[in-house]
Amino acid sequence: MTDKLSSVGLEVESVEDRGAKLAAFTVARVLAAKQHPNADKLKVCMVETGSGVVEVVCGAPNARTGMIGVFAPVGSYIPGKDLTLEARSVRGIVSAGMLVSEAELEISDAGDGIIELPAELGGRIGARFAEVMGFADPVIEVKLTPNRPDCTGVRGIARDLAAAGLGKLKPERAPSDVEGSFKCPIEIELEFPPQAADACACFAGRYIRSVSNGSAPAWLQQRLTAVGLRPINALVDVTNSHQCRPRPTSARL
């Protein structure tokens, strides 16, 4: 794809393959989490990794029996700590790996506890974390020139690639069920002087009520993180994911 992008005049500035960066980390289950005999704030966890059961010393407050987490084997590189993991004795017990947090994998700033995956992923023990969570797609950053505002969004770039013979451009979905079931309580008036009557050819808005806010689904947070945006909450994230908000001189795929 990078060669094709260059051939249509879209310079590839960088390619970030998080899948390769996170290749060593796998989905794991904590079979047992017991108090460390020599440390009040540590636990000794028996961890099912998909290729065997290993003993891991963990200091995370949320480590507990039965949880699904992410395992880092001995020899893996922990980007958030800038270290290569070694089997070492922790207060008299050798830890043969690590249960990691999002901050340690540099996928968010959350470092208060280890990653806790949904219980339904218990059937994917041993699978690569990046593939299970959708991190395996490389992120391509395209440097845009001022004459290509049509490519500040993903669809514009997709249209160029399809025209160059790479893939097929899917038709845009027509909006449906746009009529609301109640009147908007906010009065909106667009007033323009006669000489600027055509300044706004189209205006649309929607008032939404009876919604509860919270954290966005994991898949949505991952898409935002992949393009350099920070997840905030469901209502903010859903608008950011639609807009994508590329930088003026670049777009990320």
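Me: Helices here are DSSP runs (H or I) of at least four residues, numbered from the N terminus. With that settled, where is L190 found?

Reply: This is a predicted model, and in it L190 is found in the loop between α4 (154-163) and α5 (218-226).

Me: Which residues make the nonpolar surface patch?

Reply: L190 is one of them, together with F182, I186, I188, F192, F203 and Y207. The patch covers about 660 Å².

Me: Zooming out, how many helices and strands are in the chain?

Reply: The chain has six helices and twelve strands. Its radius of gyration is 24 Å, whereas the globule rule gives 18 Å for 253 residues, so the chain is more spread out than a compact globule.

Me: What box do the C-alpha atoms fill?

Reply: Roughly 80 × 50 × 30 Å along the principal axes. Of the 253 residues, 31% count as buried. The accessible surface comes to about 16,100 Å², and carbon and sulfur atoms account for 51% of that.

Me: What about contacts between residues at least 6 apart in sequence: what share joins residues at least 24 apart?

Reply: That share is 58%.

Me: Switching to sheets. In what order do the five strands of the open sheet run?

Reply: The order is β4-β3-β2-β5-β10, with antiparallel pairing. β4 (53-58) and β10 (98-99) are the edge strands, each pairing on one side only.

Me: How many bridges join β2 to β3?

Reply: Six bridges, between β2 (residues 26-35) and β3 (residues 43-48). As an example, V30 has V47 in β3 as its bridge partner.

Me: Now charges. How many salt bridges does a search of the whole structure find?

Reply: Seven. One of the pairs is E106 with K21, where the closest N and O atoms are 3.0 Å apart. E106 lies in the loop between β10 and α3 (129-132) and K21 in helix α2 (residues 18-21), so this pair ties together parts 85 residues apart in sequence.

Me: Which residue does R64 form a salt bridge with?

Reply: E116, with the closest N and O atoms 2.3 Å apart. R64 is in the loop between β4 and β5 (68-72) and E116 in the loop between β10 and α3, so to speak distant parts of the chain, 52 residues apart. R64 has a relative accessible area of 38%, making it partly exposed, and E116 is partly exposed at 40%.

Me: And what does E172 pair with?

Reply: E172 forms a salt bridge with R155, at 3.6 Å between the closest N and O atoms. E172 sits in the loop between α4 and α5 and R155 in helix α4, so the pair ties together parts 17 residues apart in sequence. E172 is exposed at 63% relative accessibility, while R155 is partly exposed at 30%.

Me: Which residues do salt bridges with shared partners join into one network?

Reply: R148, D150 and D160.

Me: Is D160 buried or exposed?

Reply: D160 is in helix α4 and has a relative accessible area of 17%; the cut-off for buried is under 20%, so D160 counts as buried. Leaving out residues up to four places away in sequence, D160 touches V8, L10, R148 and C151.

Note on methods: Residues are numbered from 1 along each chain as its sequence is written. This is a predicted model: local features need pLDDT of at least 70, side-chain atom pairs count only at pLDDT 80 or more; totals for chains, interfaces and linings use all residues. Side-chain values use heavy atoms; hydrogens and water are left out. Patches are made of residues with over 30% relative accessible area and no salt bridge: like charges are joined within 9 Å, nonpolar side chains (Val, Leu, Ile, Met, Phe, Trp, Tyr) within 5 Å. Accessible areas come from the Shrake-Rupley method with a 1.4 Å probe; for residues, only the protein chains shown count as cover. A salt bridge is a side-chain nitrogen of Lys or Arg within 4 Å of a carboxyl oxygen of Asp or Glu. Helices (H or I, at least four residues) and strands (E, at least two) are DSSP runs, numbered from the N terminus. Two strands pair if DSSP finds at least two bridges between them. Buried means under 20% relative accessible area, exposed over 50%, partly exposed in between (1.4 Å probe, protein chains only). Contact means heavy atoms within 4.5 Å. The radius of gyration is taken over C-alpha atoms; the globule rule is 2.2 Å times the number of residues to the power 0.38.
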